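Colleague: Could you walk me through this one and tell me what stands behind each label you use?
Modeller: Gladly; have a look first, and then ask away.

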Amino acid sequence: MTTLRITLALVDSAVLAPIYCDADGRLRLVFIRRSPFGVHGGQIAFPGGRREPEDPDLLTTALREAEEEIGLDRDSVEVLTALPIIETVATGFRVAPFLGRLNGPHTWRRQETEIDEILEVSLDDLRHPAAHAIETWQLPGWPEPREIPFYWLGPYKLWGATYKIVEPLLPRLLAGEWDV
């Protein structure tokens with residue numbers, strides 16, 4: 001018996017994980033809640049998107065998308081590190097995340113057609129045990145239910161690729177690996 005295996009090309013994309021220290025000394029990550037349309041509709045994510053032909057590299061993609069989606073001036077970002085690449089088999093993306101420290105005050109300008117909300121989340125809130133949960137979900141296109149880990153951000157669930165970025169990043173940030 002011959003097994004036919006089809007490999008789909010993943011779409012290169014990048015996100016910026018913006019972090020800053022607020023006036024009270026708390027570290028905060030900046031997330032977006034996408035508008036309800038599209039393949040990632042309503043989901044919590046970092047600002048980012050697919051690589052455009054004019055982007056010389058994926059860091060440029062992450063900075064361009066953050067500027068377009070939340071009005072973050074790329075000159076106010078100090079990129080601290082590239083994080084491990086995440087592949088989303090269900091939606092077909094290869095995501096290159098970058099951690100960026102925000103310098104100076106920031107005023108958000110969300111891209112209203114794509115972004116419903118900008119969330120500035122304290123790391124203390126993420127590390128609280130009640131913020132982490134696991135549920136069994138059955139989503140369209142899945143052959144069977146799966147256990148999905150996520151973080152509660154108020155009424156929202158941060159899961160999927162963004163969870164896969166945050167979950168290993170959180171202890172590193174809390175340990176002070178980078179000067180934020």
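Modeller: Let me start with a term: buried means under 20% relative accessible area, exposed over 50%, and partly exposed in between, with a 1.4 Å probe and protein chains only. By that rule, buried residues make up 42% of the 180 residues in the protein chain. This is a predicted model, where local features need pLDDT of at least 70 and side-chain atom pairs count only at pLDDT 80 or more, while totals for chains, interfaces and linings use all residues. Residues are numbered from 1 along each chain as its sequence is written, and side-chain values use heavy atoms, with hydrogens and water left out.

Colleague: Why does Thr162 count as buried?
Modeller: Its relative accessibility is 8%, so Thr162 counts as buried. Thr162 lies in helix H3; helices here are DSSP runs of H or I with at least four residues, strands are runs of E with at least two, and both are numbered from the N terminus.

Colleague: What does Thr162 touch, leaving out residues up to four places away in sequence?
Modeller: Phe31, Ile44, Ala45 and Phe46, where contact means heavy atoms within 4.5 Å.

Colleague: What makes a set of residues a nonpolar core?
Modeller: The members are buried Ala, Val, Leu, Ile, Met, Phe, Trp, Tyr and Cys residues joined through side-chain atoms within 4.5 Å. The largest such core has 26 residues, and Phe31 and Leu126 touch the most other members. Helix H3 gives the largest share of this core, 6 residues. A second, separate core has 19 residues, including Phe98 and Trp108.

Colleague: Which residues does Leu126 touch, beyond those up to four places away in sequence?
Modeller: Among them are Leu29, Val121, Tyr151 and Leu170.

Colleague: How do you know that E10 and E11 pair?
Modeller: Two strands pair if DSSP finds at least two bridges between them. E10 and E11 have 3 bridges, in the antiparallel sense, so they meet that rule. Tyr151 has Leu158 in E11 as its bridge partner. The hairpin of these strands has 2 residues between them, and Gly154 there takes a positive phi near 60°.

Colleague: Why does the radius of gyration agree with a compact globule?
Modeller: The rule is 2.2 Å times the number of residues to the power 0.38, with the radius taken over C-alpha atoms. For 180 residues a compact globule would come near 16 Å, and the protein chain has 17 Å, so the two agree.
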